[in-house]
Amino acid sequence: MARISNLECTKCGEHMSAATPQTLCPKDGGSLYVRYDLQPLLGKFKKESLAGRVSSMWRYAEVLPDVPPVTLGEGLTPMLASRQYPHVWIKDEGLNPTGSFKARGLCAAVTMCKSYGIRKIAVPSAGNAASALAAYAAAAGLEAHIFMPKDVPLTNLIECTQYGAHVTLVDGLINDCAKAVNERKHAEGWFDVSTLKEPFRVEGKKTMGYEVAEQLNWKLPDAIVYPTGGGVGMIGMWKAFEEMEYLGWIGPERPKMIAVQAAGCAPITKAWAAHQPVSEPWHNATTVAAGLRVPKAYADYIILDILKKSGGAAVSATDEEILAAVYQWASGEGIFAAPEGAAALVAYQKLIASKFLKPSDSVVLFNTGSGIKYTEVFCNDLRSA
Ligand SMILES: Cc1ncc(COP(=O)(O)O)c(C=O)c1O
Ligand SMILES: [Zn+2]
């Protein structure tokens, strides 16, 4: 196992101890990365070490916190060869517990909360992070306090209540939910596991980067398309590549990292097009891809930096394009994707059309969740047909 050596601010580089729970850098509010003492693992933790290990993200235990995991079998999701496009892979995160990739991050965050002795956890969420927190808190025997927009997908609301979480519906978006958590957390004694405001959700999500490498036989693809809201997955994968390079598992090459957003809420795409290092809050965010309704990502500076360093891009997809892509994947591949995930297919098609990507490029499209969670989106579609 690697020991966590410290937490490191992504803005000023300040080091902090992980012995007690931390949120943000006290100096500048920067998000914190978890740093491990990887040196003793060199030559000992090898790619071959993974053979025969558990079929979950905990197969990478050496690069995760060394505490007993609160696990529901998250991770090691299928990497499916597309039946429609040669050289395209679909990483199907819809098969995770609670039907989305959010399981990975919340599994790691709840695991750490439990080991720190935290009893009450709060999260503002667009929906899927809430379901995941509720499930892992139930598994850990902890209290979950959840704040979601009042028009959150119904399945998310049902899941949270069945998992026994305390749910507050907010008249607004995820940033309004974050304000509500902020106002109450000190008085209530809640630990806030908001996106990029605690360090361990990134640790869970980074396992997607390890899986991409392992499942493609240690040759990273030319590009990865990732539906971006708060950006935890993109940031986590990028961190994983850095760790894997240090371990000698991959070389210095990196995939082009491509963020896809919904046209009705595309602050990162807009900032990228304007060559800005940070984004402006998006007004009147609206899209069927509920998880992409993030008007301002807290760690936008990290996302935009990754896009730049990787030679990537940011694109947006309209709801109409997204719904057509859901149908194309479901009817043509047998994969019923969340609208957020299907946006990755739209981005791929646009980047092939613009010649940013070549048909011969190997590309991983992240389907971040299951379409089954969005019944009302498709009911409406059915009724208006
Ligand atoms: C299905 C789905 N895809 C993508 C996202 C965006 O994820 P991230 O915040 O990691 O960028 C979300 C967020 O809620 C989601 O639920
Ligand atoms: Zn700092």
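**Two ligand sites in a predicted model**

Trainee: Which backbone atom lies 2.6 Å from an oxygen atom of ligand 1?

Mentor: In this predicted model, a backbone N or O atom of Gly 231 lies 2.6 Å from an oxygen atom of ligand 1.

Trainee: And what about Val 232 and Lys 102, how far are their polar atoms from an oxygen atom of ligand 1?

Mentor: For Val 232, a polar backbone atom is 3.2 Å from an oxygen atom of the ligand, while for Lys 102 a polar side-chain atom lies 3.3 Å from an oxygen atom of ligand 1.

Trainee: How much of ligand 1 does the protein cover?

Mentor: On its own, ligand 1 has 390 Å² of accessible area, and the protein covers 97% of that; the space that this ligand takes is the largest pocket.

Trainee: Which residues come nearest to ligand 1?

Mentor: There are 16 residues around ligand 1, and those that come nearest are Tyr 226, Gly 229, Gly 230, Gly 231 and Thr 368. By type, the shell divides into five nonpolar, eight polar and three charged residues, and strand E10 (223-227) and helix H6 (232-247) each supply at least two of its residues.

Trainee: Where in the chain are Cys 12 and Cys 25?

Mentor: Cys 12 is in the loop between strand E1 (3-9) and strand E2 (15-16), whereas Cys 25 is in the loop between E2 and strand E3 (32-37), and the two are 13 residues apart.

Key: Residues numbered from 1 in each chain as written. Chains lettered and ligands numbered in written order. Predicted model: local features only at pLDDT ≥ 70, side-chain atom pairs only at ≥ 80, totals over all residues. Heavy atoms only, no water. Near = heavy atom within 4 Å. Polar contact = N/O pair within 3.5 Å; in protein donor to acceptor, adjacent residues only side chain to side chain. Areas by Shrake-Rupley, 256 points an atom, 1.4 Å probe, with all protein chains shown as cover. 1 Å grid on protein atoms, 1.4 Å probe; cavity = no way out; pocket = protein on both sides within 12 Å on 5 of 7 lines; lining within 4 Å. Sits in = over half its atoms within 2 Å of the grid points. Helix = DSSP H or I, 4+ residues; strand = E, 2+ residues; numbered from the N terminus. Nonpolar A, V, L, I, M, F, W, Y, C, P; charged D, E, K, R; others polar.
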